[in-house]
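Here is a quick walk through the charged and aromatic side chains of one protein model. Keep the structure open and click along as you read.

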Amino acid sequence: LTLNSTNKLMFNDASQFIQGSSATVLSLGATDEIDLTATLIDINGNADVSGTVTATGTSVFASLDISGDIDVDGTTNLDVVDIDGAVDMASTLQVDGSITSSSGATITTADNTTTLNLVSTDTDANAGPHLRLSRNVTGADDDALGQVEFAGRDDAGNDFLYAQIEAYIVDASNGTEDGYLEFFRGVQGTERVSAMILSPTSTII
């Protein structure tokens, strides 16, 4: 059966048809629905969908590129997620594995609730949880290590470092490593050393 030009093969009425609308385009038209029933529907080219796609079963994609929004009401199980932009979450983020970040992170609360809570549920007698500040490079004598800063604003709204704890390497020699701590506090608008825990004698000044 050959239909020349742009003639249509119509069913029931003019709203249901198959038409070669151009030399390169085949159009299928229906008022409400086009129902394809098969074990497998194989599309070898691109699929351009201008409306909503609803899948009641499992959808498998070798790759998926979404340029707009994605709204997921249920659970999404993703093996690897690479996100180049910002993530805005209005609810709780549950992570069962490790979190590794190559940049800084900011946690903001609008009240006096605990901003960061480290919890260990281990029932043995060993210490836990652990907070570790690690400078993961080969060290040298007199290198400064981690800092814990206590910052606030003065009555003019200026940021000021009111207190600080800082660790240093005294001796980086393998097998005879020494370190010390310095405690700083703000005095008359200037940060000053107020105490030191020295190595190896643990002298406090």
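E182 has its place in strand β6; helices (H or I, at least four residues) and strands (E, at least two) are DSSP runs, numbered from the N terminus. This is a predicted model, where local features need pLDDT of at least 70, side-chain atom pairs count only at pLDDT 80 or more, and totals for chains, interfaces and linings use all residues. Residues are numbered from 1 along each chain as its sequence is written, and side-chain values use heavy atoms, with hydrogens and water left out.

So what surrounds E182? Leaving aside neighbours within four places in sequence, E182 is in contact (heavy atoms within 4.5 Å) with Q164, I165, E166, Y168, V193, A195 and M196. E182 is buried, a label that means under 20% relative accessible area, with exposed being over 50% and partly exposed in between (1.4 Å probe, protein chains only). E182 has no salt bridge, and the nearest side chain of opposite charge, R135, is 13 Å away. For charge, Lys and Arg count as positive and Asp and Glu as negative, while His and the chain ends are not counted.

D171 lies in strand β5, which covers residues 159-171. D171 is buried yet has no salt bridge, and here R135, the nearest side chain of opposite charge, is 15 Å away.

What does D171 have instead? Its side chain makes a polar contact with the side chain of S173, at 2.7 Å. A polar contact is a pair of N or O atoms within 3.5 Å; within protein, one must be able to donate a hydrogen and the other to accept it, and residues adjacent in sequence count only if both atoms are side-chain atoms. Not counting residues up to four places away in sequence, D171 also touches D141, T176, E177 and D178.

## Salt bridge and a charge over a ring

Side chains of opposite charge can pair when their charged atoms come close. How many salt bridges does the structure hold? There is 1, with a salt bridge being a side-chain nitrogen of Lys or Arg within 4 Å of a carboxyl oxygen of Asp or Glu. The side chains that meet in it are D159 and R153, at 3.1 Å, N to O. D159 is exposed, with a relative accessible area of 62%, and R153 is exposed with 62%.

Elsewhere, the charged end of K8 sits over the ring of F17, 4.2 Å from its centre. To qualify, NZ of Lys or CZ of Arg must be within 6 Å of the ring centre and within 35 degrees of the ring normal.

## Aromatic pairs

Searching the whole structure turns up 2 aromatic pairs. Rings of Phe, Tyr and Trp (its six-membered ring) pair if their centres lie within 6.5 Å; planes under 30 degrees apart count as stacked, over 60 as edge-to-face and the rest as tilted. F160 and Y162 form an edge-to-face pair, 4.8 Å centre to centre with 80° between the planes. F160 is partly exposed at 22% relative accessible area, and Y162 is partly exposed at 39%.

Then there are Y168 and Y180: their ring centres are 5.1 Å apart and their planes sit at 15°, so this pair is stacked. The pair links distant parts of the chain, with Y168 in strand β5 and Y180 in strand β6 (residues 178-187), 12 residues apart. Y168 is buried at 16% relative accessible area, and Y180 is buried at 18%.
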